[in-house]
Amino acid sequence: MMNLLFVGDVTGQDACDALGAFLPGFKREHKIDVTIINGENSADGNGITPHSANLLFKAGADVITTGNHCFKRQVADSAYEQSHFLLRPANLGGSAPGKGVCIIDRGRYSLAVINLIGTVFMASADNPFKCADEILKKLDTKNIVVDFHAEATAEKKAMGHYLAGRVSAVMGTHTHVQTADEQIMNGHTAYITDAGMTGVGDSVLGIEKNIIIERFLSYYPKKHVFAKGEQSMNAVLTVLDEKSGKALSVSRINHIIRV
């Protein structure tokens, strides 16, 4: 069996630092074999940088996935060039820096991680369903995890059903709110609409709450600043049968980080 931990969107350097202090012990306690972290907002001001990616790898990420903010920072291109295990959505097109798929080889088993982005209420991208089909044709492992970074719950749910039985897990990201619909589809594929976020719970999606409230009151744009305070980790723990790629269990984690 393989214990797979998927950590929801990390918001800012404070969250990276908190995760770095907390995650190694959590992984030992729960005997985690593979850790995937969505880090597209890991840099202060959002986006990802070589520095924030390095913090997440040091915290214990085996693979970092991203989303619509993957190229928000000008220095991001070099981060994708430095690591085979930092992904951007595969359906952004072949000319984009980096890649959208990687393979973790552990000897007795291998695990593929695919990063895709949705197209409903999002910037334009290639069709994620067709992109998934093309990628799956080329993979030579039964253990496959998909981070589907999308806004619309219907699009995420549709992707889960579309890939059910063909991949081990479909983990939704982007909305920063953990959903309560974890399940195993077709008796094979672990699914959740959104894994949630790692950051300050006393906030609006990780952002200082008064900034967002004022924006709704005045309709005047204000610079987003990540909130300060007690950090928590939203994540999903999935147990896989590495021989068949089948998900045996899936459970949500909402853990206050105390170090």
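This is a predicted model: local features need pLDDT of at least 70, side-chain atom pairs count only at pLDDT 80 or more; totals for chains, interfaces and linings use all residues.
How are α4 and α5 oriented to each other, roughly parallel or roughly antiparallel?

Two packed helices are described by the angle between their axes and the distance between the axes. Here, helix α4 spans residues 128–138 and helix α5 spans residues 153–163. Their axes cross at roughly 30 degrees and come within 11 Å. Angles under 35 degrees count as roughly parallel, and α4 and α5 are therefore roughly parallel to each other. The crossing of the two, α4 and α5, is right-handed.

As to the residues involved, α4 contributes Pro128, Phe129, Ala132, Asp133 and Leu136 to the contact, while α5 contributes Glu155, Ala158, Met159, Tyr162 and Leu163. By class, this contact of α4 with α5 comprises eight nonpolar and two charged residues, with no polar ones.

I now move to the cores. The largest nonpolar core contains 28 residues. Within this core, the residues with the most contacts are Leu5, Val7, Val10, Leu19, Ile37 and Met233. Two or more residues come from each of β1 (2–7), α1 (13–29), α2 (50–59), α3 (76–82) and β12 (231–241). Of these, α1 gives the most to the core, namely seven residues.

Setting aside neighbours within four places in sequence, Ile37 is in contact with Val7, Val10, Leu19, Leu23, Leu56, Ala61, Val63, Ile64 and Thr65.

Finally, there is a second, separate core of 22 residues, which includes Leu4, Ala195, Leu240 and Ala247.

Methods:
Residues are numbered from 1 along each chain as its sequence is written. Side-chain values use heavy atoms; hydrogens and water are left out. Axes are lines fitted to C-alpha atoms, for helices over the stretch in contact, and angles run from 0 to 180 degrees between N-to-C directions. Helices (H or I, at least four residues) and strands (E, at least two) are DSSP runs, numbered from the N terminus. Angles under 35 degrees count as roughly parallel, over 145 as roughly antiparallel, 65 to 115 as roughly perpendicular and the rest as oblique. A crossing is left-handed if the near helix is turned anticlockwise from the far one by less than a right angle, and right-handed if clockwise. Contact means heavy atoms within 4.5 Å. Ala, Val, Leu, Ile, Met, Phe, Trp, Tyr, Cys and Pro count as nonpolar, Asp, Glu, Lys and Arg as charged, and the others, Gly among them, as polar. A nonpolar core is a set of buried Ala, Val, Leu, Ile, Met, Phe, Trp, Tyr and Cys residues joined through side-chain atoms within 4.5 Å. Buried means under 20% relative accessible area, exposed over 50%, partly exposed in between (1.4 Å probe, protein chains only).
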